[in-house]
Amino acid sequence: GLRSRIAPLLAYRPPPDAPLAPTEREMSCFPVALTYDLLGPHRVLTRCVYLGRDYSGRYGNFLGHALVAAPEELTGLRPVELWEAPFWRDSPDTVLPGLTEIVPGATSDPESLGEWLARQGDGGYARLGLLLETTVRSLARGHGRLVLVAGDVEEIVRWITVISYSLPPAVALGLSFTTYSADPATASQTIVGTTPGVWLPSDLDAEVIDLAEPVTGSRPGRLART
């Protein structure tokens, strides 16, 4: 029954303000949806990327595939480190390699992210405090989510990664997320990334943070201060 539980994670809808008949250059700007979730004893990562037309010429085609692992196979990794892992593919014509080890991507090391965060100044650390406090509260309560809004999915990935590095490894392994969803209201992950044009209901059980807006009213909790 695992395959049927993974299938809903293998879905992709372009942002609502995306062109209906995009060029290849425009499609390269469509956000990639990397999703991490916990399904019983399994840890699942799915990656969906927009391809444009299918064999019949109809737009809406995308490529999605999944990595299913036991928790011990991710020991030492934060799942978001697999954002640009070398085993992902962007073309359906490519044969997927057999995996002997799970190798993280090269752009999510803590040193470069620490330098990026330092360049944000006091506002960056204030934002991290707010995001970390919201995430920890959602994990502790077992409900509530953090929705990150940005026009660039890389911005969302960086913040998810910084949050993950700020948590103990075992806690980070229990943090579900998706870097992009066209429907955050139905996404079940603790952190959900989306784009500015996506509609959000007023009664959404989530803290919505527009990453283009300055931080206001943030008071970091003890973990964030530490």
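**Figure 1. Helices and strands of the predicted chain.** Seven helices and seven strands make up the elements of the chain in this predicted model, where helices (H or I, at least four residues) and strands (E, at least two) are DSSP runs numbered from the N terminus. Read from the N terminus on, these elements follow the order α-α-β-β-β-α-α-β-α-α-β-β-β-α. The radius of gyration of the chain is 17 Å, close to the 17 Å that the globule rule gives for 226 residues, so the chain is as compact as a globular protein of that length; the radius is taken over C-alpha atoms, and the rule is 2.2 Å times the number of residues to the power 0.38. The C-alpha trace spans about 55 × 40 × 35 Å along its principal axes. Of the 226 residues in the chain, 44% are buried, with buried meaning under 20% relative accessible area, exposed over 50% and partly exposed in between (1.4 Å probe, protein chains only). Among contacts with a separation of 6 or more, 65% join residues 24 or more positions apart, a contact being heavy atoms within 4.5 Å. Residues are numbered from 1 along each chain as its sequence is written, and side-chain values use heavy atoms, with hydrogens and water left out. Because the model is predicted, local features need pLDDT of at least 70 and side-chain atom pairs count only at pLDDT 80 or more, whereas totals for chains, interfaces and linings use all residues.

Figure 2. The unreviewed UniProt entry places "domain: GTPase-associated protein 1 N-terminal" at residues 2-97, a span that is 9% helix and 31% strand, with its end C-alpha atoms 21 Å apart. The record also places "domain: GTPase-associated protein 1 middle" at residues 115-200, and this span is 51% helix and 13% strand, with 33 Å between its end C-alpha atoms. UniProt positions are given in the numbering used here, feature names are shortened, and annotations may be inferred rather than shown by experiment.

**Figure 3. The largest pocket and its lining.** The largest pocket holds about 400 Å³ of space and is lined by 16 residues, of which P8, L9, A11, S181 and A187 lie nearest its centre. A pocket is, on a 1 Å grid over the protein atoms alone, an open set of points where a 1.4 Å probe fits, with protein on both sides within 12 Å along at least five of seven lines, and lining residues have an atom within 4 Å of a point. The lining comprises eight nonpolar, six polar and two charged residues.

Figure 4. S164 belongs to helix α5 (residues 153-165) and is buried, at a relative accessible area of 3%. Residues up to four places away in sequence aside, S164 touches R78, V80, A172 and L175. G105, in the loop between β3 (59-69) and α3 (110-119), is likewise buried, at 14%. Beyond its neighbours within four places in sequence, G105 is in contact with E81, L82, E84 and A85, and the C-alpha atoms of G105 and F87, 18 residues apart in sequence, are 9.3 Å apart.

Figure 5. A7 sits in the loop between α1 (2-6) and α2 (24-27) and counts as partly exposed because its relative accessibility is 42%. Although A7 and G64 are 57 residues apart in sequence, their C-alpha atoms are 9.8 Å apart in space. A212, in the loop between β7 (206-210) and α7 (222-225), counts as exposed at 68% relative accessibility.

Technical notes. Grid points are joined across faces, edges and corners, and a volume is the space filled by probe spheres set on the points. Ala, Val, Leu, Ile, Met, Phe, Trp, Tyr, Cys and Pro count as nonpolar, Asp, Glu, Lys and Arg as charged, and the others, Gly among them, as polar.
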